[in-house]
Amino acid sequence: MTMTTGLSDVRPIGDQLRAWRQRRRLSQLELASEADVSTRHLSFVETGRSAPSREMVLRLAEHLDVPLRDRNLLLVAAGYAPVFDETPIEEPKMDTVRAALRQVLEGHEPYPAVVVDRFWNLIDANGAAAFFMEGAPPELLEPPLNVLRLSMHPDGMAKNILNLAEWRAHMIDRVRRHVALTADAALAQLYKELRSFPGDVGEAIAPPASHEVFVPLRMRVEGRELSFFSTIATFGTPVDITVAELAIESFYPADAKTTEFLRERAGW
């Protein structure tokens with residue numbers, strides 16, 4: 001088992017469970033009902049008067065939608081061994097995962113697609129995604145290349161994004177929601193960094209135009225205006241932390257001009 005999750009200096013199991021419950025905005029009664037445990041027992045666990053079984057910890061974590069790496073922390077805090085591996089993506093054990101990712105990326109050509117981790121660090125990309133990185137300074141392209149930093153930095157993609165304020169506001173709100181869901185300190189630091197970049201991002205996000213069904217990414221590339229929307233895919237039944245935190249973002253042309261450009265660029 002390869003573990004890289006920090007498992008030292010953890011808070012008591014009751015404190016952690018209460019924090020996750022409150023983060024999910026559930027009362028003790030609601031969580032107890034969903035997890036099929038008594039409210040009294042849940043209360044005793046949260047206050048430290050009762051020690052939960054290993055199965056109880058995992059059951060509550062499942063109903064609280066706790067990320068796998070944090071489920072390990074809950075188990076350790078309760079006195080049990082962690083059960084979820086965190087295998088580096090380059091290890092042989094991950095050959096099947098890498099092959100599946102590569103198949104999806106190549107199958108999406110001539111449209112751009114990227115694979116990112118929980119911090120939006122680039123893990124892999126297809127050839128069509130190369131123009132996202134063209135013209136960026138070397139320091140923004142050094143590993144680990146963070147796609148959000150690349151896109152919002154004034155020296156990165158931001159200078160080519162035509163609807164920067166609108167698109168950036170929605171992306172920053174996306175990161176904010178991830179921070180709220182995971183309580184990840186490093187992700188919160190990234191959120192703070194992204195908000196520090198120049199740009200008009202208010203607290204409220206303007207409503208989309210009545211004719212739009214998504215917020216597009218509009219860019220000027222090689223003198224042509226392109227428009228994209230994207231979808232995000234994750235593995236459906238992960239039991240490894242690394243796999244659980246991977247996401248494939250696939251970009252699609254939002255108009256005929258963008259389709260034509262991408263097909264021409266790929267030589268189709």
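**Exercise 1. Decide whether Arg174 is buried or exposed, and find its contacts.**

*Solution.* Start with the accessible area: Arg174 has a relative accessible area of 14%. Buried means under 20% relative accessible area, exposed over 50%, and partly exposed in between, with a 1.4 Å probe and protein chains only. Arg174 is therefore buried.

Before going on, please note that this is a predicted model, in which local features need pLDDT of at least 70, side-chain atom pairs count only at pLDDT 80 or more, and totals for chains, interfaces and linings use all residues. Residues are numbered from 1 along each chain as its sequence is written, and side-chain values use heavy atoms, with hydrogens and water left out.

Helices (H or I, at least four residues) and strands (E, at least two) are DSSP runs, numbered from the N terminus.

Last, look for partners. Contact means heavy atoms within 4.5 Å. Setting aside neighbours within four places in sequence, Arg174 touches Trp120, Ile232 and Glu249.

**Exercise 2. Work out how many residues of H5 are buried, and what these residues pack against.**

*Solution.* First, locate the helix: H5 covers 68–77. Then count: 8 of the 10 residues of H5 are buried, so the helix is largely enclosed by the rest of the structure. Among them are Arg69, Asp70 and Arg71, along with Leu73, Leu74 and Leu75.

Now turn to the packing. The buried residues of H5 pack against helix H1 (13–23), helix H4 (54–63), H9 and H11. Just after H5 comes Gly79, with a positive phi of about 95 degrees.

**Exercise 3. Describe the largest pocket and the largest cavity.**

*Solution.* Begin with the terms. On a 1 Å grid over the protein atoms alone, a cavity is a set of points where a 1.4 Å probe fits but cannot get out, and a pocket is an open set with protein on both sides within 12 Å along at least five of seven lines; lining residues have an atom within 4 Å of a point.

Take the pocket next: its volume is about 810 Å³. Its lining has 30 residues, with Pro67, His178, Thr182, Ala244 and Glu245 nearest the centre. H5, H9, helix H11 (241–244) and strand E5 (247–253) each give at least two lining residues.

Finish with the cavity. The search of the whole structure finds 1 cavity of 30 Å³ or more, and the largest cavity holds about 50 Å³. Its lining includes Phe131, Phe132, Asp155 and Met219.

Technical notes:
Points joined across faces, edges and corners; volume = space filled by probe spheres on them.
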